[in-house]
Amino acid sequence: MDTILTINNLTKKFGYLTAVKDLSFTINKGNVYGILGPNGSGKSTTLGIVLNVVNKTSGDFNWFDGKTTTHDALKKVGAIIERPNFYPYMSAYQNLKLVCKIKEVDFSKIDEKLEIVGLSDRKDSKFSTYSLGMKQRLAIASALLNDPEILILDEPTNGLDPQGIHQIRSLIKQIASNGTTILLASHLLDEVEKVCSHVVVLRKGEKLYSGRVDEMISSYGFFELKTNKQDELIKLLETDQNFGKLKVEGELITAFLNEPMDASAFNKLMFEKGITLSHLVKRKESLEEQFLQLTDNQ
Amino acid sequence: MLRLINLELQKLLLSRVNKVLIFISFILPFTVLILSSIKINFFGFFTLELGELGIFNFPIIWHITTFFASYFKLFFAIVVVSMIGNEYSNKTIKQNLIDGLSKKEFILSKFYTIVFFSLISTILIGVASFLIGLYYSSYTEASIIFRETEYLLAYFVKLVGFFSLCLFFGMLLKRSAFALAFLFVLYIVEWLIFWGSYEAFGNADSAWKVKNFLPLESMYKLIDQPFQRIIITKYPDKMDLAYDYAVHWYEIAIVMGWTALFVFLSYRLLKVRDL
């Protein structure tokens, strides 16, 4: 698999504060990565370092095969950090023209990318007249100008209204479906869960986990059950080796699996035991539950 | 290099405030020069024609026009300082770097633009002085016309030096207003150093020598004030007013040294700073 970014033992200190501590991970081509962590966990600092705007204290990072300089590599990267930063007195089109000059890209890309983010009809309005959602979409258009190998987004939905959030998310999914590698930093767990295939979890500058989203904790998931013979069901589940923890909330029983088991097999088993289920759902822990479990364990 | 100038020109020329300031700093000295060269009739009481004072004679015209025109550099200094200040306040400096401009290219694009505008200003003043001189000057032999054109070189070096200083202050303080205030602070500091060295050496001559090495004074010294020289040319008997008004190579070297230092320091500052 092609490597896009390798980070080795990266450390950044701001005076006494260690913002990033001994961080290592690798970004491979074609995946959608999430960097997850509470505010102040070092997400933006890490991105700032690889994007050449923050100086590292120690460690190193390589773009692509390791032979490209950061300066050249950044021309193959599209990135937005924090808020969209543009010249307020220029129109959207003029701003993108400037970015084209920096990235040495042909101007013909501008209209194409403005079309993707749906800003074509406002391209000649000044940037200062844009709403936050439009600014954010313009920033994405700007990051896409060079058809980047990797798109880096730092809190892309921060401060947006629900419609804005939805627009940005569907835009990200659309871009990801074209095969562009995406690195998305966020403190919003459901955002990462909805969009990302891989995740790096940070807390206080330290890496807690890196890998696939669905393998974050070893768990076979759980069943949510309802029946009118509740007592019988509970007794049965307590004796079954396949099940661990049980949780009863009113009519709803939550049974956690110790071994893998699918819902139809379970349903058949219950039917044989003479228990008819009125509600059966097999679920895995949400990222939020996994994240809390992971951060609590440390 | 053209790409970097092109980049910076787009940033500057699309902003109305900058356009006005650039217009003022280049067209105003030009206009003042033209106006002062025409005959002004004060309602028949008397006519004022500066040309008759002999100040538009070659070669002294080079000295006089460059001296007065250099005061208009303050307008473009505001542009220089704000082109840094705005990059910081809009955070576009960060976005520029992320988009793939290297830190070196960022500083160079500013510096090239400074050189570009200084060159335009020098050419404008050069052409204007040449034409006015041809019209008024009593001497029109080529050898006299092109004597002392080193004032144009001095003017150019002075502008580049001064704007590089503004560039450095802009990078250092990130705010346009602070940077301009710092120019004034530097002016005072130079006088304090003058006073300090006067105390140390005990005579004004040595103190002046020290001050001549300081940034603002060395830039000012490139083109000495022409008033005494005008008086001397009018009244040749006042030879006690004689002074050294020539442009010396070491004066140019000092200012170029400061220019290099300011550009380098701006780059170092950007390099070590976390944005």
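This is a predicted model: local features need pLDDT of at least 70, side-chain atom pairs count only at pLDDT 80 or more; totals for chains, interfaces and linings use all residues.
**Stop 1**

Select β10, β11, β12 and β13 of chain A. They form an open sheet of 4 strands. Read across the sheet, and the order is β11-β12-β10-β13, with antiparallel pairing. Strands of a sheet pair through backbone hydrogen bonds, either parallel or antiparallel.

Which strands stand at the edges? Colour residues 243-249 and 277-283 of chain A to find out. These are β11(A) and β13(A), and each has a single partner strand, so one side of each is left without a neighbour in the sheet. Neighbouring strands are turned by 20° against each other on average, direction ignored.

**Stop 2: one strand pair**

Keep β10(A), residues 222-227, and β13(A). How many bridges join the two strands? There are 6, and the strands run antiparallel. Then pick A:F222. Opposite this residue stands A:R283 in β13(A).

**Stop 3: helices on the sheet**

**Stop 4: two helices in chain B**

Move to chain B. Two packed helices are described by the angle between their axes and the distance between the axes. Select α4(B), residues 73-89, and α9(B), residues 176-201. Their axes come within 8 Å and cross at roughly 140°. The crossing is right-handed.

Which residues meet here? From α4(B) come B:I78, B:V81, B:S82 and B:G85. From α9(B) come B:S176, B:A179 and B:L180. By class, this contact has 4 nonpolar, 3 polar and no charged residues.

**Stop 5: where the chains touch**

Show both chains together. In chain B, 22 residues are in contact with 22 residues of chain A. Select α1(B), residues 2-13, and α5(B), residues 92-98. These are the elements that give two or more residues to the side of chain B that touches chain A. Which element gives the largest share? The answer is α5(B), with 6 residues.

Finally, colour this side of chain B by class. The residues divide into 7 nonpolar, 9 polar and 6 charged.

Note on methods. Residues are numbered from 1 along each chain as its sequence is written. Chains are lettered from A and ligands numbered from 1 in the order in which they are written. Two residues are in contact if their C-beta atoms, placed from the backbone, lie within 7 Å. Ala, Val, Leu, Ile, Met, Phe, Trp, Tyr, Cys and Pro count as nonpolar, Asp, Glu, Lys and Arg as charged, and the others, Gly among them, as polar. Two strands pair if DSSP finds at least two bridges between them. Axes are lines fitted to C-alpha atoms, for helices over the stretch in contact, and angles run from 0 to 180 degrees between N-to-C directions. A crossing is left-handed if the near helix is turned anticlockwise from the far one by less than a right angle, and right-handed if clockwise.
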